[in-house]
Structure formats: C-alpha cells, structure tokens
Amino acid sequence: MTARVKLSDVARHANVSTATVSRVLNGKSVVSEQTRRQVLAALDVLGYARPDSVSARSSGMVGLVVPELSNPIFPMYVQELERHLSTAGWVPLLCTQSPGGVTEDEYVRILTERGVAGIIFVSGLHADLNADPKRYHDLADIPFVTINGPNPAIAAPSFACDDADATNRALEHLVSLGHTRIGLAIGPSRFVPISTKVKTYTTALRRLLPESEPLVAQSLFTIEGGQACAEELLDSGVSAIIATSDLMAIGAIYQVRSRGLRVPEDVSVVGYDGTALTAFTDPPLTTVRQPVARIAQAAVTTLLQSIAGEKSPTSSLLFSPELIVRSSTAPKPQEKE
C-alpha cells in the first residue's frame, strides 16, 4: 500500500469499530457484506489503496460502455456508476469509444470473452435510430441495461432523463421571459433524445406561441457545433437559444459575443445536462440538469438484480430533470423604435 492505513480514521468514517476494520483488511469472513462495503468505501474516500486480498474478493465484473469522455456528462455517469458498482463489490470495466477506435460491438465481444456478469450501455447504439437493434438480441445470455435513449425494440431495462419534460421546461422558461423567437440547437437527429426534443419543441411552440415558427439548427454535440448552430439561428433573428448540451450552449454564447451581442441582454441561452462547469461559465449558464445520480443508482440496482436471477421490467423508466436558472437568461430585449 502507498500509505499505512490508520484504522481509527477508517473506522470513524465507516461508523464501525477498529476491530471490524482490521477483520475486513485481513479478509475475515465473520464480517457482513454490508459492513465490508462500508469499510471498503471508507478506504476509497480516504485515499487508501485496498490490500490485494481485499480487492480480489469482488463479486465479478460489469462492463460500462460509454461514448467519448470529452463531454463532461459522460464522466459524471461513469463516476456514479462505478461508485455504486464498487460499493456493491463489483469491478467495473470501463470501455470508452472514440472516432476510429474500438466500436461498441467490438467492446461487447471483448467483455463477453472476459466473462463479465452484465453490461451497462450509456448513450450507445441503442439510442441511434439508424442502428440495428438486433445486436442487443444477441446478448440474451448476458444481463444488460441502457441509459439515455429508450428503444422499444430492445427488451431490456432502460433508464433516461425525461427529454420531453426537459424541453418543455426550457421553452416555458423562455416564454415566461417574453421571448417569441426561440431557436433550438441540436446534435445529430438520428439519436432518440434529439428526436424527442425536436418533436416536443415543435409541439410545445405551437401550443405556447401559435404565431411563431420552429427554428432548428443541427450540428455536433461540441462547442464548435454550438457556434455553428447559433450562427444559423442568429441569422433567423432569434432572441433566445435552447441548446441540447451544455457544450453547445457554451459555443452558442461564444458565437453571440462574436457578433457584438451580449448574453443575456440581447440573446438568452439555455443548456442541457447540468454539468458542474455550467456554474462557472461567463455568465453562469441556465441549464436543464439530468438526474445522473438517481439514474445511475437505478440502473446498477436493476442490473445487479438481473444478475442475481431476479426478473426485471423491460420498460423505460424516465426521471424528471431540474431547471437551473442562472444568469444566461433574461427578459426579451425591448424592440427599438
């Protein structure tokens, strides 16, 4: 170990006796699994390396297949998923995709060969309307769950933020501020969450502002993508922009300023995801926050139940988002006479 464990510190953090900590570190079986998990979690939080004898006593391995990690929302999911799996005594195997790198199908083959007990897919091909869902039918012998991008063609538990609710909250917030020309900056439309957001935006706009036309610009889920969308929407005369990721929102703010305009005095901007960086942007970003912790906990709990042989529902479970109002939105600017 890199540092000698102070039994008293670990005991205090885990709310157990020093004798119990000692038993866990020595691999004694007289300690309950729940208590063992508490001690292991305390070791992790306090920065102590787990003894080899302790680390080896895992229940097995679970694969985490996620997109690239440059978008802060995915590390947030990974952190929560790994925390819940580790606390339950499972070893998470992180599989990160990147353009031109290992594909999701290749990762699944590798994980299967490694003998994982289950797999969690985050915003994977299950969320791609152009992808063949048959690949998941071939996983009938391995329990798996999906996060973000519910797909009725896949018979597996699905967990996601309610994208329709998120879009409604953002749009209603801007309408309440007097905005009537509100644009939507989206990523690739082949993804389920984006398809849902576009449909919701169009329907809600018709309900809230019957005289307004839908204004949708599409690019990538990146800062540059946000810039490109904002450029197009500003040319259409919008006074507010709803972005489908926080990174796109940051790009939109940059583009607004490059035109000599101000946020939010001239143009309001709303993001989506609720990543930690949004509180520190200039101005702090109004965003719709995904309930990452609750989604991750539900996904892990359900997967472990499936691994244990318990029957799990295959329907989609949607979680309500939270609108975080900050300084990037303001009332619509007055028309100049």
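Me: Hi! Is Glu113 buried or exposed?
Reply: Glu113 is exposed, at a relative accessible area of 59%. Here buried means under 20% relative accessible area, exposed means over 50%, and partly exposed is in between, using a 1.4 Å probe and protein chains only.

Me: Before I go on, what kind of model is this?
Reply: It is a predicted model, where local features need pLDDT of at least 70 and side-chain atom pairs count only at pLDDT 80 or more, while totals for chains, interfaces and linings use all residues. Residues are numbered from 1 along each chain as its sequence is written, and side-chain values use heavy atoms, with hydrogens and water left out.

Me: Thanks! Which residue does Glu113 form a salt bridge with?
Reply: The partner is Arg109, and the closest N and O atoms are 3.3 Å apart. A salt bridge is a side-chain nitrogen of Lys or Arg within 4 Å of a carboxyl oxygen of Asp or Glu. Arg109 itself is partly exposed, at 45%.

Me: Where do Glu113 and Arg109 sit relative to each other?
Reply: They are 4 residues apart in helix α6 (residues 104-114), so about one helical turn separates them. Helices (H or I, at least four residues) and strands (E, at least two) are DSSP runs, numbered from the N terminus.

Me: How many salt bridges turn up in the whole structure?
Reply: The search finds 15 of them. One of these joins the side chains of Lys134 and Asp138, at 3.4 Å from N to O. Lys134 is partly exposed, with 46%, whereas Asp138 is exposed, with 55%.

Me: And what do the side chains of Asp165 and Arg169 do?
Reply: They meet in a salt bridge as well, at 3.1 Å from N to O. Asp165 and Arg169 are 4 residues apart in helix α8 (residues 163-176), which means about one helical turn lies between them. Arg169 is partly exposed, at 30%.

Me: Which residues are joined into one network?
Reply: Glu231, Asp235 and Arg259 are, through salt bridges that share partners.

Me: New topic: how many strands form the open sheet?
Reply: There are 6, in the order β2-β1-β3-β4-β5-β11, and the pairing is parallel. At the edges are β2 (90-96) and β11 (316-319), each of which pairs on one side only. Neighbouring strands are turned by 20 degrees against each other on average, direction ignored. For that, axes are lines fitted to C-alpha atoms (for helices over the stretch in contact), and angles run from 0 to 180 degrees between N-to-C directions.

Me: How many bridges link β1 and β3?
Reply: Strand β1 (residues 60-66) and strand β3 (residues 118-122) pair over 4 bridges in the parallel sense. Two strands count as paired if DSSP finds at least two bridges between them. Within this pair, Val62 stands opposite Gly118 of β3.

Me: Nice. What sort of peptide bond runs from Val263 to Pro264?
Reply: That bond is cis, with omega near 10 degrees. Pro264 lies in the loop between α11 (246-258) and β9 (268-273). Another cis bond joins Asp282 and Pro283, where omega is about -5 degrees. Pro283 is in the loop between β9 and β10 (286-289).

Me: Last one: what is phi of Asn15?
Reply: It is near 60 degrees, a positive value in a residue other than glycine. Asn15 is in the loop between α1 (7-14) and α2 (18-25), and Asn15 is exposed at 69%. Asp273 also has a positive phi, near 130 degrees. Asp273 is in strand β9 and counts as buried, at 5%.
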